[in-house]
Each structure stands twice: as C-alpha cells, then as structure tokens.
Amino acid sequence: MVKKRKRKVVQSVNQTPHIAGARLPIERVRDINFAKRLRQLMADRGMTQTDVAAKIWGRHKSSEGKNVAKGRDRLSVWCAGKNFPDRENLEKLAKVLNVKVSDLAPESELKAAHSVPADWSITKPHGEMGVSFFQCARYLPDDIAHEIIGLLIKADQN
C-alpha cells in the first residue's frame, strides 16, 4: 500500500496561490494587444503565419514529405495572444514585417521589466497615463507588508 502525503498549502490573506505558467492580468492584456497588432501588420502585408515563420526560421520536410515552415506553431501562439515573444524573436518579427520593434511591441518594455530579477520594480506601461505596474518579491516585516497590502486595497477601491 502506498501512503499519500498531505501537502500543506500556506497562503496569505487576499493572496492567490502561484500557479506555474500563470500570467498576470497585465501580461494577458499585453499579449492580446500584441497579437492584434501582429495580425494586423501581417494582414496589411498580405502575409500568413506560414509566410512569416518561413522567412524567420526557414522550411523543412515534414514526416509526410511536405515542405513546411519551421516555428509556425510558435507564431500561432503569439497570434492567438497566448504568449509574448522574447527580444530576439521580436527583432526577427519586426525585420520581416519591416517595422521597428517599438512599433510592433511597445509592450516589450514591460516584458523586459519582468525578466530582470529584482526585489521590486515599477513599470510605466506604454500608452497608459496615471498608472504604474508594481511588482514586489521580498521578505518584509509583517507590519510593513500589511501596510503595503492596505495601500493596494485602498488603490483598488479608488
């Protein structure tokens, strides 16, 4: 007989548990806005996902012997707003679409802020007036943590 161990889940009041692969709401909005912009640029140029993928990553023979574009599945995920490309792929996309990275993905500044390990960060999302994205991951004394949570709750109520 195999004994099952009980897992203890510890979580703070008003804190959602971390789910692997989960994106923050601001990241979901970023991904959806990027997807709309990417699809529009492709449509304006009369390009399909296959065309763009083939220009970036080339083609190969499938197991059925068909000549298919590499990386089309990756591009499909970006076009569906399910993820956001890294800086290297943003540059490749911009080059193929003949636009600047900042025109293709002003959100890339926000992505860069998330990829830098830091105790805390504040990011001004492109085109957003009067708001900032605040992220904090550090140990604090309880009284300070509660004060910060109180301020965040107050901000949500306003």
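This briefing walks through the aromatic and charged side-chain contacts of the structure above. The model is predicted, so local features need pLDDT of at least 70, side-chain atom pairs count only at pLDDT 80 or more, and totals for chains, interfaces and linings use all residues. Residues are numbered from 1 along each chain as its sequence is written, and side-chain values use heavy atoms, with hydrogens and water left out.

**Aromatic rings**
- The whole structure has 2 aromatic pairs (rings of Phe, Tyr and Trp, its six-membered ring, with centres within 6.5 Å; planes under 30 degrees apart are stacked, over 60 edge-to-face, the rest tilted).
- One of them is tilted and joins Trp 57 to Trp 78, at 6.1 Å centre to centre and 50 degrees between the planes.
- Trp 57 belongs to helix H2 and Trp 78 to helix H3, 21 residues apart (helices are DSSP runs of H or I, at least four residues, and strands of E, at least two, numbered from the N terminus).
- Trp 78 is buried at 5% relative accessibility (buried is under 20% relative accessible area, exposed over 50%, partly exposed in between, with a 1.4 Å probe and protein chains only).

**Salt bridges**
- There are 3 salt bridges in the structure (a side-chain nitrogen of Lys or Arg within 4 Å of a carboxyl oxygen of Asp or Glu).
- Arg 30 pairs with Asp 31, their closest N and O atoms 2.7 Å apart; Asp 31 is buried at 0% relative accessibility, and Arg 30 is buried at 3%.
- In helix H4, Glu 91 and Arg 87 are 4 residues apart, about one helical turn, and their salt bridge has its closest N and O atoms 3.4 Å apart.
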